[in-house]
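Have a look at the structure first.

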Amino acid sequence: MGREQPSQSQSQMSYTVEQLVAVNPYNPDILPDLENYVNEQVSSQTYSLEANLCLLRLYQFEPERMSTQIVARILIKALMAMPAPDFSLCLFLIPERVQMDEQFKTLIVLSHYLETAKFRQFWDEAAKNRHILEVVPGFEQAIQRYAVHVLSLTYQKVPRTVIAEATNIEGVSLDKFIELHVANSGWVVTKGQGKGQLVSLPSNEFNHPDLKRSTADSIPLEHITRIFPVLG
């Protein structure tokens, strides 16, 4: 879950950019190619964290060439990759003075809401800043996937109202969303109609205590025997 995969249609460009990054990642001459590649990722709904981090590092050495538009797109794509920690990795390479720009402050707030699963606040803030986010296709759908991921780690049975709040989907659209996951993700509608509906999610070691293994059980015995002499 999280990171988008390169499509066949961009395989040639992807190969070229990845080669440039691998051969000489600190060569400022590749900066325009990397910027173009960010725009290609946006238009084709693909993603390359490595290439984007390389560009942000080059901006550190060439601050006068930094494009805030490109940086914003990189951060939005990083948000879409959650639960991967890409947003923090990218933000670390962006100077604090640049982070004080209003659009970046907004993206940082949105990241905080997602990391803490405050989905209602996230969607409210996102609605106020559509002009920042709508330039990257697929943003809403990517966050909805992340919301489903969080719900699957948290709930064995989840009320329809919680799904609605986490995904920002309501009414008939939510009916179709739930039906899609019933068909493809193992969801089971267990009770009720409308807002009283309850949905059972597949069991995993995070939402079902019986499936959790103790730390001792998860560490091979040979690893434990190696640790004891060190402690002694």
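**Helix packing, burial and core**

The helices α4 and α10 pack with their axes 8 Å apart and at an angle of about 35°. This is a predicted model, in which local features need pLDDT of at least 70 and side-chain atom pairs count only at pLDDT 80 or more, while totals for chains, interfaces and linings use all residues. Residues are numbered from 1 along each chain as its sequence is written, and side-chain values use heavy atoms, with hydrogens and water left out.

Q: What makes the contact of α4 with α10 nonpolar, polar or charged by its residues?
A: Ile76, Leu79 and Met80 of α4 make the contact with Phe139, Ala142 and Ile143 of α10. Ala, Val, Leu, Ile, Met, Phe, Trp, Tyr, Cys and Pro count as nonpolar, Asp, Glu, Lys and Arg as charged, and the others, Gly among them, as polar. The residues therefore divide into six nonpolar, no polar and no charged.

Q: Why is α7 called roughly antiparallel to α8?
A: Their axes come within 8 Å and cross at roughly 155°. Angles under 35 degrees count as roughly parallel, over 145 as roughly antiparallel, 65 to 115 as roughly perpendicular and the rest as oblique, so α7 is roughly antiparallel to α8. The axes are lines fitted to C-alpha atoms, for helices over the stretch in contact, and angles run from 0 to 180 degrees between N-to-C directions.

Q: Which residues meet where α7 and α8 are in contact?
A: From α7 come Thr106, Val109, Leu110, Tyr113 and Leu114, and from α8 Phe119, Gln121, Phe122, Glu125 and Ala126. By class, the contact of α7 with α8 has seven nonpolar, two polar and one charged residues.

Q: How do you know whether Thr106 is buried or exposed?
A: Buried means under 20% relative accessible area, exposed over 50%, and partly exposed in between, with a 1.4 Å probe and protein chains only. Thr106 has 9% relative accessibility, so Thr106 counts as buried. This residue of helix α7 (residues 102-115) touches Glu125, Asn129 and Ile132, not counting residues up to four places away in sequence; contact means heavy atoms within 4.5 Å.

Q: What covers the buried residues of α11?
A: In helix α11 (residues 160-167), the buried residues are Arg160, Ile163, Ala164, Ala166 and Thr167. Their cover includes α8 (119-128), α10 (139-154), β1 (157-159), α12 (171-184) and β3 (198-200).

Q: What makes a set of residues a nonpolar core, and which members of the largest one touch the most others?
A: A nonpolar core is a set of buried Ala, Val, Leu, Ile, Met, Phe, Trp, Tyr and Cys residues joined through side-chain atoms within 4.5 Å. The largest here has 66 residues, of which Leu34, Leu107, Phe122 and Ile163 touch the most other members. Helix α4 (residues 68-80) gives the largest share, nine residues.

Q: How many helices and strands does the protein chain have?
A: There are 14 helices and three strands, taken as DSSP runs numbered from the N terminus: helices are H or I, at least four residues, and strands are E, at least two.
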